[in-house]
Amino acid sequence: MSGRFAPRPTRTTVRGGHVAVPAAPGLPRQAVAPGRVRTWAPAGPLDLGLVLGPLRRGPADPTFRTTPDGSVWRASRTPAGPGTLRVAAYGGEVRAQAWGPGAQWLLEGLPDLLGDADDPDAFAPRHRLVALARHRRPGLRLTRTGLVLESLIPSILEQKVTTDEAYRAWRLLVRKFGEPAPGPVDGRLWVMPEPRTWALIPSWEWHRAGVDNKRASTILRAVRVAARLEEAVRMEPAQAQARLEVVPGIGPWTSAETVQRSHGAPDAVTVGDLHLPGIVGWALAGDRHADDSVMLELLEPYAGQRHRAARLILLSGNTPARRAPRMPRGDIGRL
């Protein structure tokens, strides 16, 4: 009964949370079309749900799914073209299969995607709660996709709206203007639109998806300089954020949310979030009314690893009880 009254997960807790990935009892069953295959052994514990969870935009994300055989499927638009990646962990190894023009690119980037470039040992817990969360989640690593736009666009859609609104907009736009993912996915995975397609979406389609003109205009400005933004993946996270923020409508919140995924940036803490300062303040100091300045002060002992510390705090489940009504959900598409 207690679960009925648990606080509903917010976008913040989803970011720190864990995608449920069924355990694979043995070697994953071969798909009808095997595609390209790669086997890789991680250097330490690896939890696919924790590592890849931040890439899922809601339970009905058309670019992401999990299956009962313990596999995680992703559809991406790579520099080589659209591709589908299936990943499953078993026996201390990871087995990946990929299809489409971007298959080779996805397989080459598999270690980075699963956090091989991340260094969890560089993190030193300073609070008991954080230390306990780290102990309970040894498989947490920070993913690095190497793709900027696929994290930037959904982050823009999430600006100042409810989780449900943002996820609905992403789902509708990808399904309508994207393309079916390659491989044996039975029409259940979609690749997000290419930059030119985003730029050609009519204004009324943005409206029907519940996206206001401010967010739509920000996406249009971003896709017009897509090549320059994708170059940021070769920069340091702070420099990449600075480049993203040159685009009007992209601020520190959006740039941090992007480089956390595209770069695996351990220090890119999210500022300007509605929930995160209060959660961090409550967990570390018992202050549910903490603002960004208080949050940054509390996270100062974790300088260089503040994003990892924030994720561990979210994973601890120590969040303040809800005291206000949920933010009302709007749908401008009905106007």
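Colleague: Happy to look at this with you! In what order do the five strands of the open sheet lie, and how do they pair?

Modeller: Strands of a sheet pair through backbone hydrogen bonds, parallel or antiparallel. Here the order is 1-5-4-3-2, with antiparallel pairing; strands are DSSP runs of E with at least two residues, numbered from the N terminus, and two of them pair if DSSP finds at least two bridges between them. Strand 1 (36-40) and strand 2 (64-67) are the edge strands, each pairing on one side only. This is a predicted model, where local features need pLDDT of at least 70, side-chain atom pairs count only at pLDDT 80 or more, and totals for chains, interfaces and linings use all residues. Residues are numbered from 1 along each chain as its sequence is written, and side-chain values use heavy atoms, leaving out hydrogens and water.

Colleague: Thanks! How many bridges join strand 1 to strand 5?

Modeller: Five, with strand 5 covering residues 93-99. Val-37 stands opposite Gln-97 of strand 5.

Colleague: And how do I read a pair of aromatic rings?

Modeller: By the distance of the centres and the angle of the planes. Rings of Phe, Tyr and Trp (its six-membered ring) pair if their centres lie within 6.5 Å; planes under 30 degrees apart are stacked, over 60 edge-to-face, the rest tilted. The count comes to four aromatic pairs. In one of them, Trp-170 and Trp-198 have ring centres 6.4 Å apart and planes at 15°, so this pair is stacked.

Colleague: Is Trp-198 buried or exposed?

Modeller: Trp-198 is buried, at a relative accessible area of 0% (buried means under 20%, with a 1.4 Å probe and protein chains only). Ring pairs link Trp-170, Trp-198 and Trp-206 into a cluster.

Conventions. Helix = DSSP H or I, 4+ residues; strand = E, 2+ residues; numbered from the N terminus. Buried < 20%, exposed > 50% of the residue type's maximum accessible area, 1.4 Å probe, protein only.
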